[in-house]
Amino acid sequence: MNLDQYTTLRVAVDSGVAWITLDNPPVNVLSGTLIRELHDCLGTLRDDRAVRVIVFSSANPELFIAHVDIRILDEMAELQGIADRNPDVNLFQGVGELLRHQPQVTIVKLEGKARAGGAEFVAAADMAFAAQETAGIGQSEVLMGIVPGGGGTQYLRERVGRNRTLELLLTGDLVDADTAAAYGWINRAVPAAELDAFVEGVAEKIAALSPQLVAATKQLVPPADLTDGLRAENDAWAELVSGALPARLMKGALEHGAQTPAGERDLEAVMRSVAASL
């Protein structure tokens, strides 16, 4: 098993836990390369019975996954092979569905911000724990003139209910860790200074169990079948993303600092400014 081959992931396996660090500078966008490497890495780990837990963290303390790379639509032809592996979902939904159906327990350690595709990744994992003082999470696609296209509508409804889903989708706001925990978007908010030790403790407790026990527990609490909802989400996303407004908003976002460290610190303000200028 070769886990040293990646350019956007750093992987270490120790005592039943695979520690995966997302490292796609400058802002950890969910790029074509990161999508390819996640598929390869999780596929490689899938049949490794010695690994019972997978923990995801970020090399960038400010950003877990900023969002899907705004330029990724230019790469879609190159990514068709990955999309073809999951004919019932689109390329972006495929990332979340890969996570949701991974046999190991998947945990996100969220120190910084996760928006849009990053927020979908967090919600698709089995568990997520976030730093109270520094973490933020937002389903911000509406600010780009689109709806979520990577499972966000369905994952949010599963986690927080319809009323809160509508609030989060239609405002596009970034919420703090305490709010995310109160809503059920993440498991809990933890003081930043205690987050590493807390997540390590959860992972180590699970990894100490037998593979059979972990597998049985996951089988008894299976992910919901979201096929119909994901198909409807993709149809709505595809129709909107092909329109003129999203292209103008995305172009304006890049021109005003999106996908740079400075611009990503308050992407919501950047996007609202771009929209107001059109």
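Student: Hi! Before we start, what kind of model is this?

Tutor: Hello! The model is predicted.

Student: Okay, salt bridges then. How many turn up in the whole structure?

Tutor: A search of the whole structure finds ten salt bridges. As background, side chains of opposite charge can pair when their charged atoms come close.

Student: Let's pick some. What does E97 pair with?

Tutor: E97 meets R100 in a salt bridge through their side chains, at 2.8 Å from N to O.

Student: And where do those two sit?

Tutor: Both E97 and R100 belong to helix α3, residues 91-100. They are three residues apart, about one turn of the helix.

Student: Is that pair buried or exposed?

Tutor: E97 is buried, and R100 is buried too.

Student: Now K218. Which residue does its side chain meet?

Tutor: The partner is D126, and the salt bridge is 2.8 Å from N to O. K218 is in helix α9 (residues 211-220), while D126 is in the loop between α4 (117-124) and β7 (127-131), so this pair ties together parts that are 92 residues apart in sequence.

Student: How accessible are the two ends, K218 and D126?

Tutor: K218 has 18% relative accessibility and counts as buried, because the cut-off for buried is under 20%. D126, at 30%, counts as partly exposed.

Student: What about R272, which residue does it bridge to?

Tutor: R272 forms a salt bridge with D173, side chain to side chain, at 3.2 Å from N to O. R272 lies in helix α13 (residues 267-277) and D173 in the loop between α6 (162-171) and β9 (175-176), so the two tie together parts that are 99 residues apart in sequence.

Student: And how exposed are R272 and D173?

Tutor: R272 is partly exposed, with a relative accessible area of 37%. D173 also counts as partly exposed, at 35% relative accessibility.

Student: Which residues are joined into a network by salt bridges that share partners?

Tutor: R115, E264 and E268 are joined into one network that way.

Student: Tell me about E264. Where is it, and what does its side chain reach?

Tutor: E264 is in helix α12, residues 261-265. At 1% relative accessibility, E264 counts as buried. Its side chain reaches the backbone nitrogen of Q259 at 2.7 Å. Leaving out residues up to four places away in sequence, E264 touches several others, including V27, H67, K113 and R115.

Student: Switching topic: how far does helix α8 reach?

Tutor: Helix α8 covers residues 192-207, 16 residues in total, and spans 23 Å from its first C-alpha to its last. That is close to the 22 Å expected at 1.5 Å a residue.

Student: Which of the α8 residues are buried?

Tutor: The buried ones in α8 are L195, V199, V202, A203, I206 and A207. Looking down the axis of α8, these buried residues fall within an arc of 130 degrees, so they line one face of the helix.

Student: What is on the other side of α8?

Tutor: A193, A197 and K205 are exposed there.

Student: And what do the buried residues of α8 pack against?

Tutor: They pack against β2 (17-22), β3 (53-58), β5 (105-110), β7, β10 (188-190) and α9.

Student: Backbone next. Is the peptide bond from P25 to P26 cis or trans?

Tutor: That bond is cis, with omega near 10 degrees. P26 is found in the loop between β2 and α1 (32-46). In general, most peptide bonds are trans, and most residues other than glycine have a negative phi.

Student: Last one: where is E75, and what does it touch?

Tutor: E75 is in the loop between β4 (63-65) and α2 (80-85), and at 18% relative accessibility E75 counts as buried. Not counting residues up to four places away in sequence, E75 touches G32, R36 and D69.

Terms used: Residues are numbered from 1 along each chain as its sequence is written. This is a predicted model: local features need pLDDT of at least 70, side-chain atom pairs count only at pLDDT 80 or more; totals for chains, interfaces and linings use all residues. Side-chain values use heavy atoms; hydrogens and water are left out. A salt bridge is a side-chain nitrogen of Lys or Arg within 4 Å of a carboxyl oxygen of Asp or Glu. Helices (H or I, at least four residues) and strands (E, at least two) are DSSP runs, numbered from the N terminus. Buried means under 20% relative accessible area, exposed over 50%, partly exposed in between (1.4 Å probe, protein chains only). The expected span of a helix is 1.5 Å times one less than its number of residues. The arc is that of the directions from the helix axis to the C-beta atoms. Contact means heavy atoms within 4.5 Å. A polar contact is a pair of N or O atoms within 3.5 Å; within protein, one must be able to donate a hydrogen and the other to accept it, and residues adjacent in sequence count only if both atoms are side-chain atoms.
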